[in-house]
Amino acid sequence: MLYWLLYEQLYPNIIPFPLFRYVTFRTAFAGLTALLLSFVLGPWMIKRLRQLQIGQHIREEGPKTHWRKAGTPTMGGVLIITSIVVPSLLWANLRNPYLWIALFGLTSFGAIGFWDDYLKIKRRQNLGLTGRRKFLLQVLAALTVGAMLLTLHALGLYSTQMNVPFFKNLKPDLLVDAWLHSPLTYPLAFIFFFAFLVFVIVGSANAVNLTDGLDGLAIGLMIISSGAMTVLTYASGHAQFATYLDLLRLPGASELTIFCGAMTGASLGFLWYNAHPAEIFMGDVGSLALGGAMATVAVLIKQEILLIFIGGVFVLETLSVILQVGSYKLRRKRIFKMAPLHHHFEALGWQESKIIVRFWVAGLVMALFALTTLKLR
């Protein structure tokens, strides 16, 4: 909004308003605005949630050390979403379709999480939406994102090709152009496209949700991941960087840098209150929103595979749950003392703060590795 009002409409030649045309300038201020909003609204929201008695319900089968956290204000994800949406609308170009798709990914998954959290609070137990209903709603949100992307593709504003780490000339097309030469293969091409999007976006949302089990763990990893996505979106939207790194050039992706900068600032601000011992939890409204937004951005800039490395800890946490459940169903034996993975280390006797910091370190290493692959091709 500020970009359109101050630069395009009113004062394009008056210092300092020409600075608004630079993505780096607007990204920095979007991040600072998100951080400031978190700091300003955080205390009020914590106080309000306590007044409304919106507190966390702890799973009975969870670690006994977590029982003392019962009653801590939850649904802090509303603060995160607000701190992302407002700066994005203020500093980004509102005519950019990429921005609106990213905002949809954030708010749609946030709405699903909000409904889930609301039911948990209403029922006063850790049971919200049924697993099936929750999954179907997430699939519907991901399919909607896919429909938006196909619309952009039809207008020539989006490529269904994807970047592959380590392989310079390998850019597979998700719609598989060869199939489209025959009308009989149309359904297969689009089924594959939508199935892949559902796998990436829904998987990412639930991966962040599973990781959100210790004070500051998930939000700290989101700072790292969203920071890496900020770099990737800027490179994908920059003509010279995209050419030099042999990335698919997406001019509209530059505005996503502002969105990712706001996501980084909002996550950093929320960590101030979510750090151990947490004053507020993000709840499903926060974890699903952040995971859905991160995956939506990855799909937009064609870095779906690199997302595995950027969110490496999220992936490991999810795999630990899959392996644990699969092993128990097949062999009636558990691989880990408890899943997700961070609870396994708790059961081994690690202090919560040590687990959090070490997982942050692992996440940072993986994110840096992901960025190095841009050149190692």
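Start with the cavities: this predicted model holds two of 30 Å³ or more. A cavity here is a set of points, on a 1 Å grid over the protein atoms alone, where a 1.4 Å probe fits but cannot get out, and its lining residues have an atom within 4 Å of a point. Grid points are joined across faces, edges and corners, and a volume is the space filled by probe spheres set on the points.

Before you click further, some housekeeping. Residues are numbered from 1 along each chain as its sequence is written, and side-chain values use heavy atoms, with hydrogens and water left out. Since the model is predicted, local features need pLDDT of at least 70 and side-chain atom pairs count only at pLDDT 80 or more, while totals for chains, interfaces and linings use all residues.

**Stop 1: the second largest cavity**

Select Leu221, Ile224, Ser225, Ile310, Gly311, Gly312, Val313, Phe314 and Gly363, the lining of the second largest cavity. Helix H7 (217–237) and helix H12 (312–331) are the elements that give two or more residues to that lining. The space inside comes to about 40 Å³. Color the lining by class and you get five nonpolar, four polar and no charged residues. For that count, Ala, Val, Leu, Ile, Met, Phe, Trp, Tyr, Cys and Pro are nonpolar, Asp, Glu, Lys and Arg are charged, and the others, Gly among them, are polar.

**Stop 2: helix H14**

Gly363, one of those lining residues, is also among the buried residues of H14, so H14 (residues 352–372) is next. Its 21 residues should span 30 Å at 1.5 Å a residue, and the end C-alpha atoms are 31 Å apart, which agrees. (The expected span is 1.5 Å times one less than the number of residues.)

Now pick out Glu352, Ile355, Ile356, Phe359, Gly363, Ala367 and Ala370, the buried residues of H14. They cover an arc of only 100 degrees around the axis, so they sit on the same side of H14; the arc is that of the directions from the helix axis to the C-beta atoms. Buried means under 20% relative accessible area, exposed over 50%, and partly exposed in between, with a 1.4 Å probe and protein chains only.

Stay in H14 for Arg358, which is partly exposed at a relative accessible area of 43%. Draw a C-alpha to C-alpha distance from Arg358 to Leu217: the two are 9.8 Å apart in space and 141 residues apart in sequence.

**Stop 3**

Step back to Glu346 in helix H13 (residues 341–347). Glu346 counts as buried, at 13% relative accessibility. Show side chains and you'll find a polar contact of 2.8 Å between those of Glu346 and His343. (A polar contact is a pair of N or O atoms within 3.5 Å; within protein, one must be able to donate a hydrogen and the other to accept it, and residues adjacent in sequence count only if both atoms are side-chain atoms.)

The loop between H12 and H13 holds Pro340, and the peptide bond from Ala339 to Pro340 is cis, with omega near 5 degrees. Arg332 lies in that loop too. Its phi is near 60 degrees, a positive value in a residue other than glycine, and Arg332 is exposed at 59%.

**Stop 4**

Where is Pro277? Look in the loop between helix H9 (254–274) and helix H10 (283–300). The peptide bond from His276 to Pro277 is cis, with omega near -5 degrees.

Then jump to Met75, in the loop between helix H2 (23–51) and helix H3 (77–91). Met75 has a positive phi, near 65 degrees, and is buried, with a relative accessible area of 6%.

**Stop 5**

H3 has 15 residues and reaches 21 Å from first C-alpha to last, close to the 21 Å expected. Its buried residues include Gly77, Ile81, Pro87 and Trp91.

Helix H5 (residues 131–154) has 24 residues and reaches 35 Å, close to the 34 Å expected. Among its buried residues are Lys134, Gln138, Gly146 and Leu152. After H5 comes Gly156, with a positive phi near 80 degrees.

**Zoom out**

The whole chain has 14 helices and zero strands. Helices (H or I, at least four residues) and strands (E, at least two) are DSSP runs, numbered from the N terminus. Of the 377 residues in the chain, 54% are buried.

How values were computed. 1 Å grid on protein atoms, 1.4 Å probe; cavity = no way out; pocket = protein on both sides within 12 Å on 5 of 7 lines; lining within 4 Å.
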